[in-house]
Amino acid sequence: MESKFYEKDKLLIFKITEEIDDHSVQKIRRRADYEIERFMPRKVIFDFDSVTFMDSAGIGLLVGRYKFANLLGAKLEVANLTQSVNKIFEMSGILKLIPVAGKE
Amino acid sequence: MNEQFENEMKLEFLSKSSNEAFARLTVAAFASQLDPTIEELADIKTAVSEAVTNCIIHGYENKIGIVKLSAKLYQNEIIIEITDNGKGIANIELAKEPLYTTKPNLERSGMGFTIMESFMDDINIESIVGVGTKVTMCKKIKKEETNQEQIEQMTSMP
């Protein structure tokens, strides 16, 4: 996972570059929570453009980060959902809670 | 021409989460003999990942055990069996409910069985408490339609 913080907009972007499953999610979760706490962003975006695989661990990851970001006063969004990622998020109903960046 | 496959493979591995990727990639490589679409292959990988994760997190509760996986190809169908000798499921109907999880503290979504059910054509769960769980899943690869599409694409090329 790569991350970038834009100080001016208080925007933190995580670009996930690994396959998302129960194994990889543990590391992603630790790093994301650490950086959210460190930068105290106003908005957090998870970018899925480079994600070639995701199972239901991705749903748990997002719900968990949504709660954590909310707790610290940040909004959470997702971006660049691939077809397979979107299929799983649609099934879970999580997109009713977490908006897709760049979509009205 | 419709070629008929009959093939089988078996795999045993330790219930470590690092083996989730190994299991789904192995099944995907095996399933590719049926010439599935990218989407069908993604469905199979996701369903295998969910079932194997269940063995590791719920069956063995992160203690080390053995996960057994077998896959059979019959005509245009893949039949996958994933077995653990873990704690078993007391109430299968409840476990299958969307969003139901016994481990919300681990950020589990409770969507595992729902995903397996909707990504595969058929799923059967057998479980005995204290003995283990066996999940059998089938998926038909819609070979003829795909071939037809490919032929159309090829013939429409300049």
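This is a predicted model: local features need pLDDT of at least 70, side-chain atom pairs count only at pLDDT 80 or more; totals for chains, interfaces and linings use all residues.
Residues are numbered from 1 along each chain as its sequence is written, and chains are lettered from A and ligands numbered from 1 in the order in which they are written.

Q: How do you know that the span of helix α1 of chain B agrees with its number of residues?
A: The expected span is 1.5 Å times one less than the number of residues. For the 13 residues of α1(B) (residues 19–31) this gives 18 Å, and the end C-alpha atoms are 18 Å apart, so the two agree.

Q: Which residues of α1(B) are called buried?
A: A residue is buried if 20 or more other C-beta atoms lie within 10 Å of its own, exposed if 12 or fewer, and partly exposed in between, with C-beta atoms placed from the backbone. In α1(B) the buried residues are Glu20(B), Ala23(B), Arg24(B), Val27(B) and Ala31(B).

Q: Why are these buried residues said to line one face of the helix?
A: The arc is taken from the directions from the helix axis to the C-beta atoms. Seen down the axis of α1(B), the buried residues fall within an arc of 90 degrees, so they line one face. An α-helix has 3.6 residues a turn, so residues three or four places apart point the same way.

Q: What do the buried residues of α1(B) pack against?
A: Contact requires C-beta atoms, placed from the backbone, within 7 Å. The buried residues of α1(B) pack against β1 (6–14), α2 (38–59), β2 (66–74) and β3 (77–84) of chain B.

Q: What makes β2(B) and β3(B) a pair?
A: Two strands pair if DSSP finds at least two bridges between them. Eight bridges join β2(B) to β3(B), which run antiparallel, so the pair meets the definition. Tyr74(B) has Glu77(B) in β3(B) as its bridge partner.

Q: Why is one side of β1 and of β4 in chain B without a neighbour?
A: The open sheet of five strands has the order β1-β2-β3-β5-β4 (chain B), with antiparallel pairing. β1 and β4 (122–128) of chain B stand at the edges with a single partner strand each, so one side of each is left without a neighbour in the sheet.

Q: Which strand forms a hairpin with β4(B)?
A: β4(B) forms a hairpin with β5(B), with three residues between them, and Gly130(B) in the turn has a positive phi of about 85 degrees. The two strands pair in the antiparallel sense over seven bridges. Ile123(B) has Met137(B) in β5(B) as its bridge partner.

Q: How many residues of chain B are in contact with chain A?
A: 19 residues of chain B are in contact with 16 residues of chain A. α2(B) gives the most to this side of chain B, with seven residues.

Q: What is the order of the open sheet of chain A?
A: Its four strands have the order β1-β2-β3-β4 (chain A), and the pairing is mixed. The edge strands are β1 (2–6) and β4 (75–79) of chain A, each pairing on one side only.

Methods:
Two residues are in contact if their C-beta atoms, placed from the backbone, lie within 7 Å.
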